[in-house]
Amino acid sequence: MKATGHPDYHEINVVMTDGTKFTTRSTWGKEGDTLNLDIDPKSHPAWTGVHRLLDSGGQLAKFNKKFAGIGLKK
């Protein structure tokens, strides 16, 4: 096996969205670099169950405008 076939695997620091920190091994960055996460399991809707729809005049707004008069009859 070639000696140059493997990426540099080293320790980095990870900072989650709530400020908690931990150390892990990764090929990202350089030894001792800090990775600041924008989304993690504490803030992502897939894990929190809280979904927010952020749309400013895009596809969601078009859909709501097009189907505004349609509703379930009781």
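**Reading the features**

Modeller: Leaving aside neighbours within four places in sequence, serine 26 is in contact (heavy atoms within 4.5 Å) with Asp8, Tyr9, His10 and Ile12. This is a predicted model, in which local features need pLDDT of at least 70 and side-chain atom pairs count only at pLDDT 80 or more, while totals for chains, interfaces and linings use all residues. Residues are numbered from 1 along each chain as its sequence is written, and side-chain values use heavy atoms, with hydrogens and water left out.

Biologist: Where does serine 26 lie, and is serine 26 buried or exposed?

Modeller: Buried means under 20% relative accessible area, exposed over 50%, and partly exposed in between, with a 1.4 Å probe and protein chains only. Serine 26 lies in strand E2 and, at 17% relative accessibility, counts as buried. A polar atom of the serine 26 side chain lies 2.9 Å from the backbone nitrogen of tryptophan 28.

Biologist: What is the secondary structure of the chain?

Modeller: Helices (H or I, at least four residues) and strands (E, at least two) are DSSP runs, numbered from the N terminus. The chain has two helices and three strands, in the pattern β-β-β-α-α along the sequence. Buried residues make up 9% of its 74 residues.

Biologist: How many salt bridges does the structure hold?

Modeller: Side chains of opposite charge can pair when their charged atoms come close. A salt bridge is a side-chain nitrogen of Lys or Arg within 4 Å of a carboxyl oxygen of Asp or Glu. The structure holds one, between the side chains of aspartate 18 and lysine 42 (3.1 Å, N to O). Aspartate 18 is in the loop between strand E1 (10-15) and strand E2 (21-26), and lysine 42 in the loop between strand E3 (34-36) and helix H1 (45-48), so the pair ties together parts that are 24 residues apart in sequence. Aspartate 18 counts as partly exposed because its relative accessibility is 45%.

Biologist: Which residues form a nonpolar patch on the surface?

Modeller: Patches are made of residues with over 30% relative accessible area and no salt bridge; like charges are joined within 9 Å, and nonpolar side chains (Val, Leu, Ile, Met, Phe, Trp, Tyr) within 5 Å. Accessible areas come from the Shrake-Rupley method with a 1.4 Å probe, and for residues only the protein chains shown count as cover. Here Phe63, Phe67 and Ile70 form the patch, with about 320 Å² of accessible area together. Isoleucine 70 is in the segment after helix H2 (59-66) and counts as exposed at 64% relative accessibility.

Technical notes. A polar contact is a pair of N or O atoms within 3.5 Å; within protein, one must be able to donate a hydrogen and the other to accept it, and residues adjacent in sequence count only if both atoms are side-chain atoms.
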